[in-house]
Amino acid sequence: MGCLVLRKGWWLLCVFYCCSFICDVKAINGTVEITVFINGTSPIAKTDEDFICATLDWWPPEKCDYGTCAWGQASLLNLPNNIATGPWDSTNAASLIRYTVTKGYKIYGWELGNELSGSGIGVGIAVDPYATDTIVLHNLIQDIYKGINTKPQIIAPGGFFDPGSDEHLIDRILNPSVLDSGADVFRNVHNVVRTSINSAVAWVGKLEELTIAAAIKYLDQLGLASTYDTKTYCRQTLIGGNYGLLNTTTFVPNPDYYSALLWHRLMGRQVLSTNFTGTRSIRAYAHCAKQSGTYPLQQGITLLLINIDGNTTVQTRVEFQGTLMRLHKRRHHHRHRPKVNPLHQRKQAFGSVREEYHLTPSDGNIQSQTVLLNRKPLTVDPSSGLIPALEPVRVNSSEPITVAPYSIVFVRMPCVAIPACR
């Protein structure tokens, strides 16, 4: 599905929708052994089905930042007037919205403005006129979609956090204190939304990076955002600017494209409490797994582990707090309900086979734009133009999960059944 996002008086973006730990630690010869605990009693948050989102940005082709120029005229429409003063002139927007309705296009939401809150980027709008203009957009949608049951979302305000370039960005990405501080923003937004009298929900609308280091930051942001009940996380951009998921010259996917794709395929909507202490080099997030044709009767869970240490391998075992049930398959029966045996507090996840997806940088270079999946480079097929199949390695669930230095690991455990994922 798609969403057209409107910048007030500027141009349009097109959005495509593809969303306290306790830990035992032992150090052995450059390897740390930890246990991650997952509370399987009930979810702590829930994302939208289309949690992963990417925008199509527009920059003028002559705009070249950081040594990279933009991808031509990438927007759908370039609106005149780059000065946001006075009431919003909604004439052009109304024409475009009516056109999408007459064509029967399915629009998920219309966003009024981008980077306009607070001081803005180039242009900023004060709170009162921004709110007034948003009401105008709301009324416009109600009028144009009159008689249509499902109406698009109204997305506003469009603000930003921590803008600008940073020569110490890599150090910041690999600093657990800096990563932890990102939770403050999500926590504060969650508290505002939670106490609101209306039905507003939180979206994130921007993140801009390219390398495997960026993929680490991106996935950590996805994990934090989902923990605080953020419904959708939009990455800027799919293509456009100089920080897209795709290379603007070759259209080859950057590392965080594959990160986003794996999240979309593996991480379900229900967010689980994932807890540990002892080492700060690991970031851990767990969701109920997204159901697939491979395991139609078994949802299971997916655990995301990120190692931000470049020298230490982390051996990870998983235990569950709350009720854990193991699913057993009966042979030679096509129709049956899985037999469920209840286990008790803090039982280790064992038995059967789990699926692991290990993302590592080429040659161990954290700034590499080439990523390996299970030691194989992810490259586009030159003849077909297709991306490679993202195949897991299958590991006996009794073995610890090995998280190499500077690596990202998605672990799908299809045979784990917990109440939170029913």
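**Helix H2**

Now select the whole of H2, residues 127-144. The helix has 18 residues and spans 26 Å from first C-alpha to last, close to the 26 Å expected at 1.5 Å a residue. What do they pack against?

**The largest nonpolar core**

Next, move to the largest nonpolar core, which has 32 residues. Select Leu219, Leu222, Trp263, Leu304, Ile408 and Phe410, the members with the most contacts inside this core. To see where the core comes from, display helices H5 (212-227) and H6 (255-266) together with strands E15 (301-307), E20 (353-361), E21 (371-373) and E25 (407-413); each supplies at least two residues. H5 gives the largest share, eight residues.

Centre the view on Phe410 for a moment. Leaving aside residues up to four places away in sequence, Phe410 touches Leu219, Ser259, Leu262, Trp263, Leu266, Met267, Thr302, Leu303, Leu304, Glu355, Glu356 and Tyr357. Then look for a second, separate core of 25 residues, whose members include Val32, Val416, Ile418 and Cys421.

How many disulfides does the structure hold?

Begin with the disulfide that joins Cys288 to Cys421, with an S to S distance of 2.0 Å. The torsion about this S-S bond is about -90°, so the Cys288 and Cys421 disulfide is left-handed. Cys288 sits in strand E14 (residues 282-289) and Cys421 in the segment after strand E26 (416-417), so the bond ties together parts that are 133 residues apart in sequence. Cys288 counts as buried because its relative accessibility is 0%, and Cys421, at 9%, counts as buried too.

Now jump to Cys53 and Cys234, whose sulfur atoms are 2.1 Å apart in their disulfide. Is this one right-handed or left-handed? Its S-S torsion is about 90°, so the disulfide of Cys53 and Cys234 is right-handed. The pair links distant parts of the chain, with Cys53 in strand E6 (residues 52-56) and Cys234 in strand E12 (residues 232-239), 181 residues apart. Check the burial here as well: Cys53 is buried at 0% relative accessibility, and Cys234 is buried with a relative accessible area of 5%.

**Last stop: confidence**

Finally, colour the chain by pLDDT. The mean for the protein chain is 76, and 61% of its residues reach 70 or more. Select residues 161-165, where the pLDDT is below 50; this stretch has four contacts in the model beyond near neighbours in sequence. Then select residues 328-346, also below 50, a stretch with 29 contacts beyond near neighbours in sequence. Where pLDDT is low, the predicted coordinates should not be read in detail.

Terms used. Residues are numbered from 1 along each chain as its sequence is written. This is a predicted model: local features need pLDDT of at least 70, side-chain atom pairs count only at pLDDT 80 or more; totals for chains, interfaces and linings use all residues. Side-chain values use heavy atoms; hydrogens and water are left out. A disulfide is a pair of cysteine sulfur atoms within 2.5 Å. Helices (H or I, at least four residues) and strands (E, at least two) are DSSP runs, numbered from the N terminus. Buried means under 20% relative accessible area, exposed over 50%, partly exposed in between (1.4 Å probe, protein chains only). The expected span of a helix is 1.5 Å times one less than its number of residues. pLDDT is the predictor's confidence in each residue, from 0 to 100. Contact means heavy atoms within 4.5 Å. A nonpolar core is a set of buried Ala, Val, Leu, Ile, Met, Phe, Trp, Tyr and Cys residues joined through side-chain atoms within 4.5 Å.
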